[in-house]
Amino acid sequence: MSVNGMRDHKHHEHEHKHVNHIHKEEGHESIHIHHDHEAMISDFKRRFLISALLTVPIVILSPSIQSFLGYRFRFFGYIYVLWVLSSVVYIYGGYPFLRGLVDELRKRIPGMMTLIGVAISVAYLYSTTVVFFIKGQTFFWELATLIDVMLLGHWIEMKAVAGASKALELLAKSMPNTAHLVKDSKIIEVSVSEVNPGDIVLVKPGEKIPVDGIVIEGSSNVDESLVTGESKPVSKKPGDRVIAATINLEGSLTIKAEKTGKGTYIAQVIDLIKKIQESKSRAQDLANKAAKWLTVIALGGGIITLMAWVFLGMGVSFALERAVTVMVITCPHALGLAVPLVIARSTAIAAMSGFLIRNRVSFERAKDISAVVFDKTGTLTKGEFGVSDILILDEMMSEEELLILAASLEQRSEHPIAKSIVSFALEKGLKLRDVEEFRTLPGRGVIGKIDEREVMVVSSGYLKENNLYMDDKRVLMLMEQGKTLVYVLLDGRVVGVIALADVIREESRDAIKNLKRMGIRTVMLTGDNRKVAAWVAKELSIEEYYAEVLPHEKVEVIRKVREKGHVMAMVGDGINDAPALVEADVGIAIGAGTDIAIESADIVLVRNDPRDVLAIIDLARRTHRKIVQNLAWATGYNAVAIPLAAGVLYSKGVMLPPTIGALLMTISTIIVAINASMLK
């Protein structure tokens, strides 16, 4: 039974209310997570420990255990001591299940709680009857161990789910309370609650960044490990975005605040944790359905067994013992752990792998994905203008020299193309030169002198105006790809061409290649022009692509591909792609930074890495496999155990004693737990 299942039974004292909110305390706006969930974990832990402690003398005093192990430990009134101890375990330890039984019967939806409740109640009532009224075998130790294991199952599940989000909760708690506000050239220390979007804040080395924003001055490395899972510090320079609660390592950063308080990414993640824990699991529904049928089998099998043995003249005591054995063994301990252990394990793996599951049902559906539709800009590409090609048109010129000349000249310009060229040159470690007589050619380019030679970086418009025609096939090919071209002139001669385009992520190549290897169809969507789309599709070996598509038209493409019988995943940036993310069977938002619309996706990737899509599919498949294995094992042994418990082979001297039945359940539980832990 999962945490969600428990919540369905409205356990007022255990109701799962993992409520997150932001409030002001002592003038500081900080993030707090209320842990009713922690109280629930503590309650189950307490019930389990007390019940387990009482189970020790119950097992020692049980006549069936003494007979099985060949020892005798009895004293006057020992059976009443055994009954008292078992009564405490039944009432105190079994209370959550008895309450669940009542709730399920009231709603006429028998499930896991009904099954557990019936098993422990029949075992307790029959054993009590044996103690006071009739001869027979008691089931006190089976009752106690059944309650212990079920309590342990709930405790483990809730603890694992809480552990999966622990890093994010710690991140929320680690939000700094103060910020260095830069105002009128003065630095004032204020509470974070006083910082508004648009304000300028200074972050010193070793401090936590108090807001989501953009670096406007300074450079440093930032530890984003608690947000992205990436252990390597991320370099930050002017123009780069930073996230609240990440740690500035060595340099000072001046940041323009964009989002504070409830608007920060951290606050969105806190809300996401709540949704993860509340999302309903289809696998758990499967376990509940199995429990419903097992309840019918338990009750029906018990009644049939009772009537059959009475009819055969074996006596009421023998018949009741067989009936109770059937009911007890039909409630496998392992079923209570089969799904929760796997779900808790997969949730932890997902969190450690850098993706957050908002919707468990969609995550489970990811195992069946047969087609993935990618948005281009910001998903397969970086969404940033960058140098893609350098063509040399003069044999006396090298690529490095051409780039140095162009970048040296462009460093004086504020144009986005200029910044891209300069950034590319600096990333390659090139040393730029001094420029003299620099001036701009409005709408055409820039001109200046480097080492006494005239250098120009111009557009194709300038070439046309000055009758400088280019007939190089390589240039024409770049034009056909929809790339932006700038021409480098040295002393009036065209010596090279620099092509710029939206930079393709290197990770995208691996992602597409591996998806194809898995037999999954890949499709690309973009609002960009057809030439650019064709170039990106060719570079990534994507055969099917749709260009110049508006946001609402992306939904139509999703439907079109689904009509061909595919289970669809849509991967986008979560903003323009929101309608398509909602329409898809599995919506995956990539680039879970400050601008992402978390609400539109089922799964959120913390890193900007398309390869995580493969990790999602792989984990979903392995999770499903483990769940099926556990459910098959947890219920399968009943096919053998129930007939033996009922005594169908009694005439041949083969009958399953309650002790052996309980031992089988224990072994089954251990196998399920080991199998779940093997999910890596």
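Two strands are taken to pair if DSSP finds at least two bridges between them. In this predicted model, strand β16 (residues 445–450) and strand β17 (residues 453–458) run antiparallel and are joined by six bridges. Within this pair, G445 has V458 in β17 as its bridge partner. Helix α16 (residues 399–410) packs on the sheet, where it touches β14, β15, β16, β17, β18 (484–490) and β19 (493–504). The direction of helix α16 makes about 110° with that of β16.

The sheet itself is open and is formed by six strands in the order β14-β19-β18-β17-β16-β15, with antiparallel pairing. At its edges stand β14 (381–392) and β15 (436–441); each has a single partner strand, so one side of each is left without a neighbour in the sheet. From one strand to the next, the twist averages 20°. In general, the strands of a sheet pair through backbone hydrogen bonds, in either a parallel or an antiparallel manner.

Antiparallel pairing is also found around strand β11 (residues 253–259), which is joined to strand β5 (residues 200–203) by four bridges. In this pairing, V203 stands opposite L253 of β11. Strand β11 also pairs with strand β6 (residues 212–217), again in the antiparallel sense, over five bridges. Here G213 has A257 in β11 as its bridge partner.

Salt bridges were then examined. Side chains of opposite charge can pair when their charged atoms come close. The count of salt bridges in the model comes to 26. One of them joins the side chains of R46 and D43, with an N to O distance of 3.1 Å. Both residues lie in helix α2 (residues 36–61), three residues apart, which corresponds to about one turn of the helix. R46 counts as partly exposed, at 42% relative accessibility, whereas D43 is buried, because its relative accessible area of 8% falls under 20%.

Because E506 and R509 are three residues apart in helix α20 (residues 506–517), about one helical turn separates them. E506 is exposed, with a relative accessible area of 54%, and R509 is partly exposed, with a value of 28%. The closest N and O atoms of D510 and R611 are 3.6 Å apart. D510 is partly exposed, with a relative accessible area of 29%, and R611 is partly exposed as well, at 35%. Elsewhere, a network of salt bridges links R559, R562, E583 and D585.

Helix α24 (residues 612–636) contains D612. This residue is buried, since its relative accessible area of 7% is under 20%. Apart from neighbours within four places in sequence, the residues in contact with D612 are S353, G354, L605 and R607.

Another buried residue is T145, with a relative accessible area of 18%. T145 is placed in helix α7 (residues 140–164). The C-alpha atoms of T145 and A52 are 7.7 Å apart in space, although the two residues are 93 positions apart in sequence.

On the surface, a nonpolar patch is formed by V56, I60, F68, L69, Y71, F73, F75 and V81, which together have about 710 Å² of accessible area. Helices α2 and α3 (63–69) each supply at least two residues of this patch. F75, one of the patch residues, is placed in the loop between α3 and α4 (78–93). With a relative accessible area of 36%, F75 is partly exposed.

Technical notes:
Residues numbered from 1 in each chain as written. Predicted model: local features only at pLDDT ≥ 70, side-chain atom pairs only at ≥ 80, totals over all residues. Heavy atoms only, no water. Buried < 20%, exposed > 50% of the residue type's maximum accessible area, 1.4 Å probe, protein only. Contact = heavy atoms within 4.5 Å. Salt bridge = Lys/Arg side-chain N within 4 Å of Asp/Glu carboxyl O. Axes fitted to C-alpha atoms, helices over the stretch in contact; angles between N-to-C directions. Patch = residues over 30% accessible without salt bridge, like charges linked within 9 Å, V, L, I, M, F, W, Y side chains within 5 Å. Areas by Shrake-Rupley, 256 points an atom, 1.4 Å probe, with all protein chains shown as cover.
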